[in-house]
Amino acid sequence: MDTPLVVLVVLTSVAVTSPLYEMIFGKKSLKYVQYLTILSLLVSLILLISSTLSLTPQESTVPHLLRNDTLGSFFSFIVILVTLFVSITSFDYMKGNPNERVYYSLLLFTAIGMTMLCFAVDLLVIFVAFELMSLPTFILAGYNKQDKLSNEAAVKFFILGALSSGILLYGISIMFGITGSTNLEVISQSLTSLSPDMLPFVIFSTVSMLAGLGLKLSIVPFHMWIPDTYEGSPTTVSTLLSAATKKAGFASAIRIFAVIFPLFYFDLSLALAIIALVTMTLGNLAALTQKSITRMLAYSSIAQAGYLLIGIVVLPYTNLGLIGLLYHSFNHAILQATAFLAAGLVRLKTSSSSLDSYNGLSKVMPITSFCLALSLLGLAGIPPLNGFWSKLILFSAAVDGGYAWLALAGLVNTAISVAYYLLVIKRMYMDETSIKAIKEPLIFISVLVFATAIIIVTGLLPNVLYDIAEDITISFLANNPV
Amino acid sequence: MCVGIYGLIAKRNAIRLLFSVEIIINAAIINFVAFARYHDTPLITGQTFSLFAIALAATEAAVGLAIIVQAFRLNNDIDVLELKKLRG
C-alpha cells in the first residue's frame with residue numbers, strides 16, 4: 001500500500017467536502033466538520049505509523065513523483081500531529097468566527113500540501129505541494145477579516161510568499177534547463193556528468209531554490225515576514241506556520257540538497273554554515289528586546305531554524321547531522337506548538353499578547369503557565385527536557401563535521417536564549433497580578449497537557465527517538481549517497 | 001525576471017507588487033518552454049510544468065487579490081508602506 005497516496009485521499013475527501021455540509025445539515029454542521037477533521041487527521045496518523053512499520057526498503061528504479069520512505073513518513077507524522085493539535089485547540093480559539101467550517105477545510109488543505117511536500121521527489125510535485133501548502137496559509141493568516149492587524153499580516157505574508165514561490169519556480173526552471181528533467185534522481189545522475197562551464201547555472205539555480213524554500217524555513221535574509229505574520233495572524237495559525245510548514249520545508253530542503261551537495265559541497269556547506277550562524281544570532285538577539293510574547297516566540301523560531309540548518313550544513317560530512325536535524329525537528333515542532341498554543345490561550349482569555357499580561361499568570365492560569373514554562377525551558381535546552389538532547393546532537397554533529405566554530409556559536413546563542421525564556425517564566429511565577437482567576441477551557445488544556453507529556457517523556461527517554469532518527473538517516477543516505 | 005524584481009523593489013502599490021510576482025513566474029514559464037524545445041530529444045515535461053505553473057499563478061493571483069481587496073476595505077489604501085502597525 002502506498003502511504004502518501006492513502007493519507008492524501010483520506011485528508012482530501014474531508015477537506016473538499018466539509019464546506020458543503022452547511023448546505024445539508026444546517027447549523028449542526030459545524031460539529032460534524034470539527035469531528036470529521038479530527039477523525040481524518042487521526043486516521044492518517046494511524047495509517048502513517050502502521051504502514052511505516054511494515055515498510056520494506058525497496059530500490060526504486062522507475063522515476064517516481066512521490067517516494068514512500070521513512071524520511072517522508074517521519075516529517076509528515078510531525079506535520080499531521082501539529083495540525084491535529086491546532087485543529088483541536090481551534091474549537092475554542094475560533095469559536096464565533098463566521099466561516100468556521102472553511103477554516104477547518106483550509107487547515108486540512110495545508111496538511112495535504114505539507115504531506116505531499118514531505119514525500120515529493122520530483123521538482124514538479126515539490127512546486128505544486130509548496131503552493132498547496134502556502135495558499136491556504138495566506139488565507140488563514142488573514143482569517144480575522146475585520147482585524148486590521150490580521151489583514152496586515154496576511155498582506156505581508158502574501159507578497160513575500162508569492163515572491164518566494166516565483167523565485168523557487170525560476171530556480172526549478174534553470175535546473176530543468178541544465179539537466180532536462182525534473183526528477184531528483186535523474187537530476188542527480190546527470191549532475192555527476194556535468195560539464196564544468198555549466199557550474200555557474202547550477203549555483204544560480206541552487207541559490208534561487210534556497211531563497212524560495214528559505215522563506216518557509218525562516219532563515220535570515222528571508223525572515224522579515226515572520227515576526228509580523230506570527231503576531232498579526234490568529235495564534236493557532238502561527239502555530240501551524242512555525243511548527244508545521246517549516247518542518248515540511250526542511251524535509252524538502254534535505255531532499256534537494258542531498259542531490260546538489262555532491263557537486264560543490266564545500267562552498268555550499270560553508271555558505272549554509274554562515275547563514276545558520278547569522279540566523280541563530282539575529283533571532284536570539286532580536287528576541288531579547290521584544291515586548292510581545294508572539295513576537296518573541298517568532299524570533300526564537302528563527303533562531304531554532306538556525307540550529308536546524310546545522311543538520312544540512314554537515315550533511316556531506318557526518319551522519320550525525322541528519323539524525324540531529326530529524327530529532328530536533330520533532331522536538332522543536334512539539335515545543336513550539338505548546339508554547340504558541342499556550343500563548344494563544346492567554347491571548348484568548350486576556351485579549352492581549354504583551355509580556356506584561358504574563359505577570360503573575362501562574363496564579364490565575366496554573367496549568368497553562370506550567371505547560372508554557374516547560375516548553376520554554378525545552379526550547380532553551382535545559383537538560384531533562386527533549387530540546388537539550390537534540391541540540392546536543394546537532395552541536396556535536398557540527399564539531400564532527402569540522403565546523404567547531406558553528407557549535408561554539410550555537411552554545412553562546414543557547415546561553416543568550418536562556419535569558420529571554422527565563423524572563424517570561426520569572427514574570428509568570430514571581431510577579432504579582434491584578435487579574436482574577438480565569439477558567440481554562442478543558443479541551444484546550446488537555447491538548448497542552450498532552451503535548452507537555454510528550455516533551456517530558458521524550459526528554460526522559462531520548463534513546464527511542466534517537467534510534468528512529470538513526471534508522472531513517474541510514475536508509476535515506478543509502479538511497480542518496482552524499 | 002529583472003523587470004519583476006525591479007517592480008517588487010520600486011513599487012509601493014500592492015497590486016503592482018502582485019503584477020511583478022506574476023512577471024517573475026511568467027519568466028520561469030518561458031524558460032520551461034524554451035528549454036524543452038532546446039533539448040535534443042523533445043521533452044513534454046517543460047510544457048506540462050508550464051501548464052501547472054500557469055494554473056498555480058492564477059490561484060495565487062486570486063488569493064492575493066482577495067487579501068488586497070480586504071486591505072483596501074479596512075484602510076482605504078493599498079500602499080504597502082502604510083502597513084506598519086506591526087513592528088518591533
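Predicted model: local features only at pLDDT ≥ 70, side-chain atom pairs only at ≥ 80, totals over all residues.
1. Chain A has 20 helices and zero strands. Its radius of gyration is 21 Å, close to the 23 Å that the globule rule gives for 482 residues, so chain A is as compact as a globular protein of that length. Along the principal axes, the C-alpha atoms of chain A fill a box of roughly 70 × 55 × 40 Å.

2. Next, the inside of chain A. Of its 482 residues, 60% count as buried. If you take the contacts between residues at least 6 apart in sequence, 81% of them join residues at least 24 apart.

3. Now look at where the two chains meet. On the chain B side, 34 residues are in contact with 38 residues of chain A. Helices α2 (14-38) and α3 (45-75) of chain B each supply at least two residues of the side that touches chain A, and α3(B) gives the most, with 15 residues. By class, this side of chain B divides into 24 nonpolar, eight polar and two charged residues.

4. Helix α6 (residues 123-141) of chain A packs with α3(B) at an angle of about 10°, their axes 11 Å apart. The two helices, α6(A) and α3(B), are therefore roughly parallel to each other. From α6(A) come A:L124, A:V128, A:E131, A:L135, A:F138 and A:I139, which meet B:F49, B:F52, B:L56, B:T59, B:E60, B:V63 and B:I67 in α3(B). This contact has 10 nonpolar, one polar and two charged residues.

5. Helix α18 (residues 404-430) of chain A lets you check a length for yourself. At 1.5 Å a residue, its 27 residues should span 39 Å, and its end C-alpha atoms are 38 Å apart, which agrees. Several residues of α18(A) are buried, among them A:L406, A:N413, A:Y420, A:Y421, A:R427 and A:M428.

6. Most residues other than glycine have a negative phi. Phi of A:S218, however, is near 55°, a positive value in a residue other than glycine. You will find A:S218 in the loop between α9 (199-217) and α10 (225-232) of chain A. Is A:S218 buried or exposed? With 29 C-beta neighbours inside 10 Å, A:S218 counts as buried.

7. Last, a residue with another kind of setting. A:V43 lies in helix α3 (residues 29-53) of chain A. It has 15 C-beta neighbours inside 10 Å and so counts as partly exposed; a buried residue would need 20 or more. Between A:V43 and A:M430 there are 387 residues in sequence and 43 Å in space, taken from C-alpha to C-alpha.

Methods
Residues numbered from 1 in each chain as written. Chains lettered and ligands numbered in written order. Contact = placed C-beta atoms within 7 Å. Helix = DSSP H or I, 4+ residues; strand = E, 2+ residues; numbered from the N terminus. Nonpolar A, V, L, I, M, F, W, Y, C, P; charged D, E, K, R; others polar. Expected span 1.5 Å × (residues − 1). Buried ≥ 20, exposed ≤ 12 C-beta atoms within 10 Å, placed from the backbone. Rg over C-alpha atoms; globule rule 2.2 N^0.38 Å. Axes fitted to C-alpha atoms, helices over the stretch in contact; angles between N-to-C directions. Parallel < 35°, antiparallel > 145°, perpendicular 65-115°, else oblique.
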